[in-house]
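Please have the sequence and the 3D structure at hand.

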Amino acid sequence: MTRTLQDSPATAEWVLCPGCTTPLYGKRWLANLSVCPECGRHDAVSAPHRLAQLLDPGYELLVQPAQEADPLRFVDSRPYPQRLAEARARTDLDEAVLCAVGQVAGEPAVVAVMDFGFLGGSLGVVAGDRIVLAAETALARRVPLVLVTASGGARMQEGALSLMQMARTSAALARLDAAGVLTISVVTDPTYGGVAASFATLADVIVTEPGARLGFAGRRVIEQTIRRQLPAEFQTAEFLAERGFVDKIVQRPQLRQELARLLRLGAGRAGPEGAPLADGIVRDPDRLPPADAWAQTRAARDLARPTALEYATLVFDDFQELRGDRATGDCRAVIGGPAWLAGRPVMLIGHQKGHTPAELLDRNFGMPTPAGNRKAARLMRLAEKLGIPIVTLIDTPGADPGPAAEEQGQAYTIAENLRLMAALRVPSVAVVIGEGGSGGALALGVANRVLVLERAIYSVISPEGCAAILWKDAAAAPLAAAALRLTARDLLALGVVDGVIPEPEGGCGADHLAAVRRLRAALCGCLAELSPLRGDELVADRRARLERFTAARFGSPPAEADAPVGGAG
């Protein structure tokens, strides 16, 4: 059945904002989608009106008649069936979930919307049926699933059967994971309890409205338990974003377009490919002039060089940054998210530094924390699920060396990324765009093709660190740089990289646009080369690349009596 709803409920001529109590003209309130233009409060929206806001006209409602479910014969101040009847009369809905199939700004999707007005959006058996129906429809049609949540939690009147809906809906999303179908959760205020602890937080991408509250236990319950008052921002979208649990916070008027951008990624459509371009990659080290290692080290650190975020917006189209590791935080030194390259989707991940002292400090000088490595791993897994290539841009002096990073498992997260990248079943290309330092760089560097910009470096340790350890003198850094053979020419001769991208005269910092053109051509060339390979072949290709680095290949060079010995961690 088709149905088009217009967001035009009977409204008073004037509306009092529930947040700031500002009187607002009713038509202005509706035109702004029930968002206060004065204080920004996002007021509750019914499920029918939410569908009308998000979907193009002519969408199809998924009709599943609600059964009379009263398994416990539950009675509190009045019988459960009476409460259901009152909720239906008040909301003109038969349950707390409304589902539809349609398009969001032209992008196909299945959308399931919860209505807090229906028994607090509680999750019961019938509501669980609706979420599973939406997931199964998305699976059958191979289109993304969008879940708009608003709930107080599991429905108490249905007892443990409502608890089982948490597991049931989670299993439905697991089936979409296995099938490679994109899932997006739009968290609205409030989303608590069993919904928060199941499908609301299991989606590939979690979007929230500003100020939306999300948590397992409600604020009042927690305060009563711990006997103290919580901060005002506790459990809000902004609070959760700082702790790595939210990808994006989106204002309601922009939500439809932001969802369409994400849904385009899940639709699996690719634009027309242009004519093949010469990739410009130098694969023979003899074609590169010898370089002074210390001068190249300083060039690689030049703050005028383009950053990963600048390449993300200039080399690629429609980069959408996703944030958070879904565990502890959002590392500002690592950026990542879907983008488009020559008409095809990729997952872009990179180390981000900056150009000014303030930017460097904000980005932790490009040094990833464990949260940054976990964020990268999460995005790589999403790329593998959706079957899209991965591009990483490496520019870091090394992993964060601080005590907090150690307490949060820095070594574990690096090791996990190395194992994950080695086994990915999608094409991967890594490019050292500046400084490639130690395990922090390698955590984004296990790929089918590894490239380096001509004036970038890649090393097991910084020259200064090497000099301090082995020469016992930090002033010996130029000697250490030469001994480490960290220049692009040396790296290509050693086979550490597969190719060098020539830089414009004066370096990438002198001509950003020329650097962008050369990086884009190189990436397109590598991805075109890898595109015929399937999953097992890509894993085998990566493994064969790693097997280059054996003693049998490099042999044992003659020992020199005065050469320093030692190692770097």
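Is Glu242 buried or exposed? The model in which this is asked is a predicted one. Glu242 has a relative accessible area of 61%, and the cut-off for exposed is over 50%, so Glu242 counts as exposed.

Glu242 takes part in a salt bridge with Arg243, in which the closest N and O atoms are 3.5 Å apart. Arg243 has a relative accessible area of 32%. That value lies between the cut-offs of 20% and 50%, so Arg243 is partly exposed.

The count for the model comes to 42 salt bridges. The table lists some of them, including the pair just described.

| Salt bridge | Distance between the closest N and O atoms |
|---|---|
| Arg243 and Glu242 | 3.5 Å |
| Arg283 and Asp279 | 2.9 Å |
| Glu158 and Arg155 | 3.9 Å |

The pair of Arg283 and Asp279 has its closest N and O atoms 2.9 Å apart. Asp279 has a relative accessible area of 18%; buried means under 20%, so Asp279 is buried. Arg283 is partly exposed, at 42% relative accessible area.

A separate group of residues also belongs to this topic.

What remains is the pair of Glu158 and Arg155, linked by a salt bridge with a distance of 3.9 Å between the closest N and O atoms. Glu158 and Arg155 are both buried.

Methods: Residues numbered from 1 in each chain as written. Predicted model: local features only at pLDDT ≥ 70, side-chain atom pairs only at ≥ 80, totals over all residues. Heavy atoms only, no water. Salt bridge = Lys/Arg side-chain N within 4 Å of Asp/Glu carboxyl O. Buried < 20%, exposed > 50% of the residue type's maximum accessible area, 1.4 Å probe, protein only.
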